[in-house]
Amino acid sequence: MEQSHVIVTYRLDRATIHELCAQLEPDLMSAIRHPTGIPPLVAVLSVLHFLASGSLQTTVAISSWMSQPMFSNVLSKVLSALLKHMGSYIVFPQVEDLPTVKGDFYALGHIPNIIGDINGTHVALVPPRRSEQVYRNRKSCH
């Protein structure tokens, strides 16, 4: 599979997927040892595809050659393993770092008051025309 297709399918590049599998493998080997013997790489790839696509468990399970209940079990085990390691991947800025973080993001995209991003995606939020005040943030701006 070409690198660009790997990124579209799993939202991570090949090297990061291998690194993630290596990190999660000890947790997954003990967690998914049952007669079906789902290899950690298959488990991680199927869960990454599920998370990246927003698809249904049944659809991802079929494409991974699993039943939906089996995929549900794999999903639970992989997500539990990911949660144990999330501090290595998700970092929130400290209050004292916010001015620097905001300045760095502004330099990148000229959007003020940004303190983080997810997958480098910018999503404009537009409140509905009716009851607009309900959808404003605490600072009364949108």
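Visitor: What does the side chain of H85 make a polar contact with?
Guide: The side chain of Q23, at 3.3 Å. A polar contact here is a pair of N or O atoms within 3.5 Å, where one must be able to donate a hydrogen and the other to accept it, and residues adjacent in sequence count only if both atoms are side-chain atoms. This is a predicted model, so local features need pLDDT of at least 70 and side-chain atom pairs count only at pLDDT 80 or more, while totals for chains, interfaces and linings use all residues. Residues are numbered from 1 along each chain as its sequence is written, and side-chain values use heavy atoms, without hydrogens and water.

Visitor: Is H85 buried or exposed?
Guide: H85 is buried, because its relative accessibility is 18% (buried is under 20% relative accessible area, exposed over 50%, partly exposed in between, with a 1.4 Å probe and protein chains only).

Visitor: And which residues does H85 touch?
Guide: Leaving out residues up to four places away in sequence, H85 touches Q23, L24 and D27 (contact means heavy atoms within 4.5 Å).

Visitor: Switching topic: how many aromatic pairs are in the whole structure?
Guide: The search finds one. F50 and F71 have ring centres 5.5 Å apart and planes at 65°, so they sit edge-to-face (ring centres of Phe, Tyr or Trp, using its six-membered ring, must lie within 6.5 Å; planes under 30 degrees apart are stacked, over 60 edge-to-face, the rest tilted).

Visitor: How buried are those two?
Guide: F50 is buried at 17% relative accessible area, and F71 is buried at 0%.
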